[in-house]
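This report describes one protein chain in plain terms. Look at the sequence and the structure first, then read on.

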Amino acid sequence: MQTVASSLLGAPSAPASPSRRARLRAFSRLEWWPRSEEAAVPKWVHFLFWGALLLLDGLAIYNNLNAAAKYRMPQNQLVLRALLTNVLSASIFYFNWMVLVPGTVGRGRLWPYLGGVLLLLAAYVPLRFGASSLVGGGAQDAQTSAQKLTMIIPYTLMGLSTIFFSSGLRITGDYLSGLRNRRELERQQLLTELAMLKTQINPHFLFNTLNNIYSLTSRKSDKAPEAVLRLAEIMRYLLYESSTDTVPLSRELAHLHSFLDLQRLRLPASAPEAIRFEVEGAGPDCAHPIAPLLLLPLVENAFKHGDLAARPVAVHITLHLASDGLLRFSVLNHVAPADAERELPRQPGGVGLVNLRRRLELLYPSRYALDVQTTPGQHLVTMVLLP
């Protein structure tokens with residue numbers, strides 16, 4: 001009975017598919033219209049476009065005032081024609097900017113763009129004829145069909161000029177925006193890489209220093225408390241004062257002095273001059289900017305791989321700051337013979353110098369030199385920073 005009733009009343013039509021309903025809903029809500037920032041027209045584009053239109057209108061009014069009386073158009077008709085043509089030009093200009101270019105050229109599709117240009121011209125030229133007929137009145141009606149057809153080429157050129165002007169501005173704006181975005185991305189990547197290199201420097205230094213403190217405590221040395229105090233001062237600098245792009249050279253040198261004082265605790269009291277640090281051209285208040293933690297890796301490697309038992313000088317460090325801003329920093333240390341290895345096993349290293357080279361490439365491109373010289377029994381590293 002239910003089947004018969006359904007056949008008599010007519011079965012309901014099948015519901016529309018979800019994708020079809022979604023498309024209809026999107027069309028009804030005008031979701032197809034570009035609303036993102038990429039479709040927005042910058043203010044400088046409005047200024048250029050309307051400035052060009054007003055300039056052309058001004059030239060048309062000037063030529064009309066200087067024309068012969070029989071060729072002169074009434075001012076009200078001239079203004080009305082300028083208004084209509086400006087509306088038509090603005091329509092294809094902004095449609096090309098907001099819809100045609102993003103949907104075709106912006107996605108790497110050239111032929112659909114050319115097809116869209118032809119469709120815009122097919123709509124613009126008849127409307128341009130209609131505007132001229134509406135404004136011209138009887139003068140337009142008196143023209144023959146052949147005379148009207150001669151205006152197809154000028155109207156087509158006007159439409160093409162407007163479309164290509166819009167496309168040129170859009171492509172140029174997108175290129176400049178992309179260039180700015182790439183530069184900002186490169187800058188962010190550079191900052192991220194530098195931050196990662198800094199995070200590698202701190203543990204590298206910390207592990208080596210803790211090994212030294214462990215050596216003092218294992219021998220129950222009275223120098224262990226002072227070593228912990230020096231380490232606290234150094235870590236304060238690493239955590240709170242080295243987060244900026246540059247620091248005054250005086251602060252970097254003060255940090256280096258604290259590090260050397262920590263290393264001197266490892267030496268016997270009879271060898272006070274085994275570590276020598278000479279500074280020239282940089283006083284205690286020197287404000288010359290330098291990247292933080294740039295000197296430490298070279299000094300740290302001298303103590304990690306050097307022979308502190310060498311006399312009279314085990315590590316010789318020199319820094320010279322010239323009047324023109326050129327900075328020369330060198331570290332000379334003695335190398336233990338091959339058969340005199342450390343009591344502790346060699347720790348995995350090499351991170352310090354690798355990080356230093358990378359930081360120099362990022363912070364001082366084409367303005368640095370890093371020279372490493374290894375001779376029998378000695379190791380000399382020289383770093384030069386140009387102003």
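The predictor's confidence in each residue, on a scale from 0 to 100, is called pLDDT. Helices (H or I, at least four residues) and strands (E, at least two) are DSSP runs, numbered from the N terminus. The model is predicted: local features need pLDDT of at least 70, side-chain atom pairs count only at pLDDT 80 or more, and totals for chains, interfaces and linings use all residues. Residues are numbered from 1 along each chain as its sequence is written, and side-chain values use heavy atoms, with hydrogens and water left out.

**Confidence**

The mean pLDDT of the chain is 76, and 74% of the residues score at least 70. The pLDDT is below 50 over residues 1–16, a stretch with two contacts (heavy atoms within 4.5 Å) beyond near neighbours in sequence. Residues 137–142 also stay under 50, and the model has three contacts for them beyond four places in sequence. Where pLDDT is low, the predicted coordinates should not be read in detail.

**Aromatic pairs**

Rings of Phe, Tyr and Trp (its six-membered ring) pair if their centres lie within 6.5 Å; planes under 30 degrees apart count as stacked, over 60 as edge-to-face and the rest as tilted. The whole structure has six aromatic pairs.

| Pair | Type | Centre to centre | Angle between planes |
|---|---|---|---|
| F49 and F93 | stacked | 4.0 Å | 20 degrees |
| F49 and Y94 | edge-to-face | 5.7 Å | 75 degrees |

F49 is in helix α3 and F93 in helix α4, 44 residues apart, and their pair links distant parts of the chain. Y94 is also in helix α4, so its pair with F49 ties together parts that are 45 residues apart in sequence.

Buried means under 20% relative accessible area, exposed over 50%, and partly exposed in between (1.4 Å probe, protein chains only). F49 counts as buried because its relative accessibility is 3%, and Y94 is buried at 14%. F93 is buried as well. One aromatic cluster is formed by F49, W50, F93, Y94 and F165.

**The second largest pocket**

On a 1 Å grid over the protein atoms alone, a cavity is a set of points where a 1.4 Å probe fits but cannot get out, and a pocket is an open set with protein on both sides within 12 Å along at least five of seven lines; lining residues have an atom within 4 Å of a point. The second largest pocket is lined by 25 residues, and L56, D57, T85, R128 and M158 lie nearest its centre. Helices α3 (43–66), α4 (75–103), α5 (110–136) and α8 (152–218) each give two or more residues to this lining. The most come from α3, with 10 residues.

S167 is in helix α8. This serine is buried because its relative accessibility is 4%. Leaving out residues up to four places away in sequence, S167 touches N96, V101 and Y113.

Helix α11 (residues 296–305) has nine of its 10 residues buried, so the helix is largely enclosed by the rest of the structure. Among these buried residues are E300, N301 and K304.

H257 lies in helix α10 (residues 249–264) and counts as partly exposed, at 35% relative accessibility.
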